[in-house]
Amino acid sequence: MTDSSPLILIIEDEPQIRRFLRAALHSHGYRLVEAETATDGLRAVTTHPPDLIVLDLGLPDLDGLEVTRRVREWSRVPIIVLSARGQEQDKIAALDAGADDYLTKPFGVGELMARMRVALRHSAQLNQDGNEPVFQVGELRVDLARRQVWLAEQEVRLTPNEYKLLIVLVQHAGKVVTHRQLLREVWGPGYTSESQYLRVYVGNLRHKLECNPARPRYLLTEPGVGYRLVDE
Amino acid sequence: MEHRPDPDKLLARMREEEQQQARGKLKVFFGMAAGVGKTYAMLETAHQRKREGVDVVAGYVETHRRQETEALLAGLEIIPRHVVEYRGTSLEEFNLDAALNRRPTLILVDELAHTNAPGSRHAKRWQDIEELLNAGISVYTTVNVQHLESLNDVVAQITGVIVRETVPDWVLEQADEVELIDLPPDDLLQRLREGKIYLPQQAERAIQSFFRKGNLIALRELALRRTADQVDVQMQDYRRDHAIAETWPANERLLVCVGPGPHGARLVRAARRMAARLRAGWLVLYVETPRHLRLPENERDRVVQTLRLAEQLGAETVTLSGQNVAEEVLSYARQRNVTKIVAGKPESPRWRELLFGSVVDSIVKNSGLIDVYVISGDFGDTEPPPAPPPETARNWLHYLWAFVIIEACTAVSWLLFRYNLEFSILVMIYLVGVVAVATRFGRGPSIFAAVLSVMSLNFFFTEPFFTLAVNDVRLWPSLVVMLLIGVIISTLTVRTRQQAEAARTRERRTAALYELSRDFASTRGLENLLQAAVKHISTTFESRIVVLLPVENNKLQPWGGVIGWWGTTVEERMVYAPDAGDQGVAQWVYEHGQMAGQGTDTLPGAEALYMPLVGSRGTVGVLGVLPGQPRRFQEPEQLHLLETFASQSALALERARLANEAQQAQLQIETERLRNSLLSSVSHDLRTPLAAITGAASSLLDEASSLDTTTRAELAQAVYDEAGRLNRLVGNLLDMTRLESGALQVQKEWQPLEEVVGAALTRLHQHLGNRPVVTDMPPDLPLVPLDGVLIEQVLINLLENALKYTPADSPLEIRAYLSQPRGSQPALQSVTVEVADRGPGIPHGDEGRIFEKFYRVNEVGSGRGVGLGLTICKGIVEAHGGQIWAENRPGGGSVFRFTLPLDGTPPKISEELQVTSNEFSAA
């Protein structure tokens, strides 16, 4: 464990979950700060500025959503929220408030590590201020500089909106992007409730990029929340 | 301090309760003509009531701009009128709904006989008043004597003015109070001249016509008599109620015979007056002879109208069919204990009566103890005699045939003539020809044949040959005989044929009713009963049908119309979808238990006729009938038949519902028992994974040192797997709880089904392993309104189920397609989704039960699940307005299908966004 390894802040009131997270994170070489309540957590954000926050949405003293908002007022540190199934609206609210990703309880360590990796990488890229010019996953290759999309050796032709949609997803590759976020970035702020546009365009994109659109490999649906472009 | 009830409040409450329970009281201000001061008197009385503290409002008061009247109206609360747009003019009408909502104790509604503007709920104002009374609101109203239905013709006779707006007599008779507003004719005329009734020019015209002094005297007498009758009735009621001993004649009953003649209406009115005076019940009878079928359309219509009038006047109408009118009338009269028969004076010419006798004569002759009243028909024919039916091409063909047959006889006779046969033999040959024509082609051609025969005989076989000169006297009797035989045989044939026709018609009706009852007797289940009812009623009446059944809050909904599922025996042409307006009519019918809609006096603007389905415990639903021919149900007989069908259906529906309830109760008991036995099963299912987890975890804890790496990994895997199973179990139990408590909210959004399927398959990725999954969704499948999260859950449950029950390498198939509904609404399409497998299939008889809670196929099997997955699917699909069912597939395996209705308007993906032509291309 070195000082250069990322510092993770866990804000979670359940001791059993904290215990399991502690074990898992330690064994993966992360440093750890724990907070039992939202108040403690917010204080910890200022005293030990973390590289990533794992935040439970159901805290006893303050809503997890509120914590996200307060952190976002002054920090861009990645936040991964934890919530139970059936709380889609809470998840969306947290994501729209600035959280980077979410996990549904119960979850496995593998999933958590994958999400954390993606979030840390994005935050690192943000600090370097620049995306890589070419995005590649499986047979899908997006050349951002030349605005070209390739599937295996075949170039794929997209409409302007399809391309914009794909680019937003590529920019957040590996992370979930909410319907609202996608609509705002592709169609503009006036369209944030017109989710049928999005669904139709995602459908079109899948028909062009996936070999079986009904069993997608790249462009996954997060039911009730948004979409995720796989990146590994 | 002692708390004593406030007497005023107590009284008010009693009044309120009384109002809610009882029917309102009707008081009629009755007058002989306009201008006697009915409205004024009504308003005065209303003010008096108001001073007594009664809640009085003016519903509709016509002041005719008379100043005194307007002044009186001033102090009263007025219900705003309802403005109806009709052909460019706006008509002001009484606002019934506003009045019902306001619920006063007493309401003033002027002009009882008024006809409402088209498009109003009821055709007549007295029907509005009926509804008010039924709602417990008392009504003051006004009417003039000439508006009474039974006096209509008398008034017309006196004044020469036919009054169109009439009120059935019973409306006045059932009034709790009738107050006569009387004014001597001279005073009335004085008021008229002073311009207190009409504007001066109008007044002058009125004095010339209706308001002649003689008329007024006669009308005054009518009004006075009428009121006296009413008082008399009250007196008799009083005597009866107070048990004043007096001998009463046996109950009188009147039978009125009506025919297709023009005097039916007059006869019925006269009989009505007689019946009212005698306080007798009365029947109106029409005997349908085979001749009825030959009557021209307008005469048949007239019968229908007469019978309808009789019904409106309160008679019971009966149609019988038979050969002999007099016999039928008398036997029916005896059967119903009729004491007096009323018939019209015969209209046929004298010679005919002498020859054939008349119906009235034979009734009189055979009536025995029954009195017979014959009422004159000297009203003058108001309608021209019916035009003879036009000759048709068919008729000409008949004459041609007659010619051919007779000339064939000539040919035969010609051959035989050479053998010098007797003339009479030849006559017989021709007779055969005439008989042949008569049996086949009717009267005209047979007369033609007889004449032609005699001419041919004359021309070919009597001297002088080949001329038409008559020397032979034998020809005359031949001609007479042939004519007679031709006429007799053709008449008999026609009559037999008509009787057969009538019998067939009746037979068909009886058979239809019999088939309906038989089908009902052999049918189980509400759905099947409804199908049978729709099928039979539609076929018998050549109409389109809808059955509306109450759902939540007694709101009616067309059966099958919502999702377009009509079962297997109902075809599209048998049903129709009522629009919003018609559904409103149906709702009214359901709430009031009365018929309404097309062809009735209530809400006649509706597209179809609506009839309440009244069972023994109340109205169970409403039957809507959209007749193929518009005037189908004008005939009371057809309407009665329809009523019979409706009541049969209602009883069957009620029976089914009761059976359902009993079954539900039984089910409840069984469910309760099942729940108890399954509680242990659930707790077993919950404890098994917990036991495995506890065991594995404790081994890892206690014997960490002694375990090798593989065993440790195995134990950890067991903990992981069992925790997953526990998670699913708890998830299902929670979903079930949410579904059952109604906490489940469906948030529908239009989205491609493909996406939901994709999400489900992604979530089951690990679980599916290498299972081949075929997905088949047409690219042009429309967007579907659904809750993505919930439908994903349905698919996951169905797929998990398939994974659980089928061999590890058997393929799974997911298919979706647009399904055309069987209903008549093209808008209500739905998308069907299938999840199919090639496993062992569903045990026979379990197809329905697998959706039941806690039901598991192969109960003995190991604890694979709690049996909630499919129940949850069912709940979710039904919350979407769809259906789910399972079948075995041909070729092995099972298929689960569910439908998602495409209700609402799909969103438009606007053009500027759908960039297709302007393809983005890389530089």
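How many bridges join strand β9 (residues 253–258) of chain B to β10(B)? The legends below begin with this pairing in a predicted model, in which local features need pLDDT of at least 70, side-chain atom pairs count only at pLDDT 80 or more, and totals for chains, interfaces and linings use all residues. Residues are numbered from 1 along each chain as its sequence is written, chains are lettered from A and ligands numbered from 1 in the order in which they are written, and side-chain values use heavy atoms, with hydrogens and water left out.

**View 1. Strands β9(B) and β10(B) run parallel.** Six bridges join the two strands; strands pair if DSSP finds at least two bridges between them. Val256(B) stands opposite Val284(B), a residue of β10(B). From β9(B) the chain passes through helix α11 (residues 264–278) of chain B to β10(B) in a right-handed β-α-β crossover, meaning that, with the strands pointing away from the viewer, the path from the first strand over the helix to the second runs clockwise. Helices (H or I, at least four residues) and strands (E, at least two) are DSSP runs, numbered from the N terminus.

**View 2. Strand β10 (residues 281–288) of chain B is largely enclosed by the rest of the structure, because seven of its eight residues are buried.** Buried denotes under 20% relative accessible area, exposed over 50%, and partly exposed in between (1.4 Å probe, protein chains only). β10(B) also pairs in the parallel sense with strand β11 (residues 316–321) of chain B, over six bridges. Within that pairing, Tyr286(B) has Thr319(B) in β11(B) as its bridge partner.

**View 3. Chain B meets chain A through 37 residues of chain B and 38 residues of chain A.** Contact here requires heavy atoms within 4.5 Å. About 3,100 Å² is buried between the chains, with carbon and sulfur atoms giving 52%; this buried area is the accessible area (1.4 Å probe) that two parts lose on being put together, summed over both.

**View 4. Arg199(A) and Glu749(B) form a salt bridge.** Their closest N and O atoms are 3.0 Å apart. The rule, a side-chain nitrogen of Lys or Arg within 4 Å of a carboxyl oxygen of Asp or Glu, finds three salt bridges across the interface of chain B and chain A.

**View 5. Chain A contains eight helices and 12 strands.** Of its 232 residues, 55% are buried. Chain B, by comparison, contains 28 helices and 25 strands, and 45% of its 923 residues count as buried.
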